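Dear colleague,

I am passing on the structure below, together with some notes on its aromatic contacts. Please read them beside the coordinates.

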Amino acid sequence: MNEILLGTMLATPLALAAMVLLRRCSAILPRLAAWAAVPALLLAFCRPFTVDVSWLLLDSRLGLDPVGRVFLAVTAVLWLAAGWYAGSYLARDARRHEFQFFFLLTMTGNLGVTVAQDVVSFLAFFTLMSLAAYGLIVHDRRPASLRAGQVYLVMTVAGEMLLFAGSVLLFHETHSLAFDGLPARLAASPRCGIVVGLLLAGFGIKLGVMPLHGWLPLAHPAAPTPASAVLSGAIIKTGLLGYLRMLPLGADALPGWSDVCVGVGLVTCVLAALIGMTQRNPKAVLAYSSVSQMGLVTVCLGAALAAPAAWSTVSTALLLWVVHHAVAKAALFLGVGVAGAKMPCGSVRGHGGGVRRAAGIRLGRCRLADARSEDGVGCDLADGSGRNCPGTASRLPRFAIGAWPDPGSGRRHRDSRGRDHPRRPRDREPGRGGPTASVVRSGPAHRRPAGRPRLGAAPGRADPRPGKRHRRRPADRRAGGRSVRPVAMVRS
Amino acid sequence: MTYDQWLPLLVVASSLIPGIIIFFLGEQQKRLRTTLNLAGAVLKVVLVAVMLWGVARHREYEVRYGLVEGIDFALHADALSLLFVTLSAVLWLLTTVYAIAYLEDSPHRCRFFGFFSLCVSATTGLALAGNLLTFLIFYEMLTLTTYPLVVHRGTPESLRAGRLYLLFALSGGAVLLLAVVWLQSLVGPVEFAGTSLLVEADPGLHGRLRIIFALLIAGFGVKAALVPLHCWLPQAMVAPAPVSALLHAVAVVKAGAFGIIRVVNDVYGIESCAELGVTTPLAVAAATTILYGSVRAVYQDDLKRRLAFSTISQISYIVLGVAIPGPLAAIGGIVHLVHQGVMKITLFFAAGNLAETLGVKKISQLRGTGRRMPATMAAFTIAALGMIGIPPTAGFISKWYLAAGAAEVEQWWVIGVLVASSVLNAIYFLPLIYAAWFQSPPDAWPAERPRGRFETSLGLLVPPLITAVLTVLLGLLAGLPISALDWAKLIVFRGDRP
């Protein structure tokens, strides 16, 4: 029974991807695709089991274990949410079929990784996920996205190679491909250090630990919002899953690598947060926030590598963190998409109703960047009626972004706190952007004649896809600091 | 003669006889020629399947004639020869289908298909050869029957390429003949019996045996395109696409690699090779070729030339596999014989489709080809990912076993070479995939010739799709008892698997 569900879980997105490819049932496909992760969610409620699939690859073993279950559940929820969201977000996108294809393939890989119980099948799913995600990142074909895709691909290939070398050595040292009991066997081998080094670097690229994070702040803003959500919420977590599966955590103390992990982790944690503060694009802010959070994870890993006895505590913390970060970061990304007025208000209320529920938060207008520059604290989340939304999720952006030392915060603080502020006519100076209510009411973004500036936006910024327009290369972003125009990122 | 003796002969004859008949047909007797061709190809696949079934049940298939005193003509079916025969039979069938569609309305088709069949007969013959001398006979026959295919178009360029090919191949053949005669005079007739004759050879002979080994490798290395004997291969790209496909995947290049496997595994035996100290130089030569071919491939703009340099690199995976002592690497090398064939033939089929249908021959013209020819480019993409060694394709399985085998004998540098080669493969294949799928097509293709109601004619479309599916299945289902990997294990462990 479990085996059948597992097979269904992997076959569903693959079959849907094939249908997209062959252009079959195009009418209902988007709706079907949104539900592709349902079998995965069901599987997450099953009892742990393993099944040997000897004909697949090199004696594969698939199954569910307590660690995999947490990852599977979170991953499935995120893909479901992103799938629903994408249905509305890309409803009028000319290339939505292509997006669906890569989306479903990436989903297959991501779900497969969580149930893979041996090295080779893990690598296979991991690779499928990594390569298919390229299609998501370059979806809009803008120069910046293509550039992000290029960086992503180069780093992915590098990561694949490190992992290939690492897994071959792992196999040589442990004489086994199954994850079961792998840490103990690896800990007993003489070349444990080299294997750990290769795996740390290989999965570190996926995890986005500095200095291997280069692809992350480029790719997250480049991808369409639902893809960014899963990229940040689920996909980069597979790097952590790789660590949990293959490193000798809790079995052996590796002081050298522990020091490296703690050092790199701390630097990442702080530096990424600092760089994130200079970003203008909210998705880039979130990306750096992810990098920063991954630094925290690396510190935890370092601690576990130093003190194997503490592993049970650390692993619990890490799993909790996985759930927290996945859900929170996905919610933030999806919120940015809503705030980006890609979907006009009517749309949010209409088709997007599902989106809001899917995200698990009541997000109407996430005035993330706006508020960030205005009240100096974080983000003002209000729903469609302008009512404040004091749910847990509304605190998360503050958590993620942290205190925002904006020089003008005092001046505009009251503005941003005004309940009905978002509904005021747009009388602020151009370039400041502002609340999205008027934008939202001004009709569907994509129907606005080209060249006509969006209300509240600077001339020339009337882009149907805000959030893409102001994307700059990181160097620019860092150089063009907020000290120059602290509020200019507002409508991005 | 019993049925078991007839079978190896029949396998060779199933392409030889149609080939000879085709020479006597008129250019216009298209239907008869096609029927003969396809019948021969299908018959060969069936016969090989029968033989596979028998050998898996430990039946002996052997036929032997005394040519002169002490020299036998022997055909013998063992596990290794069957692996190669199966590969060539299946891919020949697909290539025949492809070639029939490809050469529609072009001149000299009788000559082409005649030599095409002879070429495959030679390949089958050398795969089934039971001793070194029989191998040599078919090896020379292969050289002579492929020359007319290389120069088929008759342009000055192809004639030049043909001359270069003959120069290299015949010199290689001469060196080989010298080595074989010398070896026979030292140790007597060399049979591929699965046991090394040289294990208990007189230590005084070791010096001479080393020289003979070098000569044998040089002779086979010409066809296997080991650096610096590779120069003819990129030139030979002027041949029509089905010829290139067959040349690179099955016939010529593979014959060289297969010869090297025979020399290391069956003539000398891997233990004796290690004892003589010849494996490390061979491994270094293979590694050099792998890196050289990959680096050169990066700089080619002609699609088929890039694929040719890629072949130079990939064939040496096979040589590297047999040059590293230890079963895992040998499995990797031998299974790559099949995997490389399937992947490379897909790439050449796709390149041929692009050239025939759109006139796209250069990498700089590949933009947007994925939109115009999605099925062809999908096959190309899968095969290219396989070449890089992306799991779960066939290429990954080969690479995994090669690397694990290198780790087994603690030759860490080999892993470095494999990783470097994969990176280079990614560098010269990923931009192609990117251009094909993620860039917009140009306003007009260089020379578009629409064929049929699909993106191109079915005969051109189906073979690459089948081989692309095989590329994935060979990797994904590597654990199945009928996979190439399982057969390679059977060869290496000689039936008694752990």
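In this predicted model, A:Y243 is buried, with a relative accessible area of 2%, and A:F203 likewise counts as buried, at 0% relative accessibility. These residues form one of the 34 aromatic pairs counted over all chains. Their ring centres lie 6.0 Å apart with the planes at 85°, and because an angle over 60 degrees counts as edge-to-face, the pair of A:F203 and A:Y243 is placed in that class. As A:F203 belongs to helix α9 (residues 192–207) of chain A and A:Y243 to helix α12 (residues 237–246) of chain A, the contact ties together parts that are 40 residues apart in sequence.

A second pair, in chain B, is made by B:F135 and B:F258, whose ring centres are 6.1 Å apart and whose planes meet at 20°, so this pair is stacked. B:F135 is found in helix α5 (residues 132–150) of chain B and B:F258 in helix α10 (residues 252–268) of chain B, so that the pair joins parts 123 residues apart in sequence; both residues are buried.

Ring pairs also link residues of chains A and B, in a cluster that consists of A:F101, A:F102, A:Y134, B:Y434 and B:F438.

Finally, there are lysines placed over rings: the charged end of B:K223 sits over the ring of B:Y139, 3.8 Å from its centre, while A:K206 lies over the face of A:W215, at 5.7 Å from the ring centre.

Methods
Residues are numbered from 1 along each chain as its sequence is written. Chains are lettered from A and ligands numbered from 1 in the order in which they are written. This is a predicted model: local features need pLDDT of at least 70, side-chain atom pairs count only at pLDDT 80 or more; totals for chains, interfaces and linings use all residues. Side-chain values use heavy atoms; hydrogens and water are left out. Rings of Phe, Tyr and Trp (its six-membered ring) pair if their centres lie within 6.5 Å; planes under 30 degrees apart count as stacked, over 60 as edge-to-face and the rest as tilted. Helices (H or I, at least four residues) and strands (E, at least two) are DSSP runs, numbered from the N terminus. Buried means under 20% relative accessible area, exposed over 50%, partly exposed in between (1.4 Å probe, protein chains only). A charge sits over a ring if NZ of Lys or CZ of Arg is within 6 Å of the ring centre and within 35 degrees of the ring normal.
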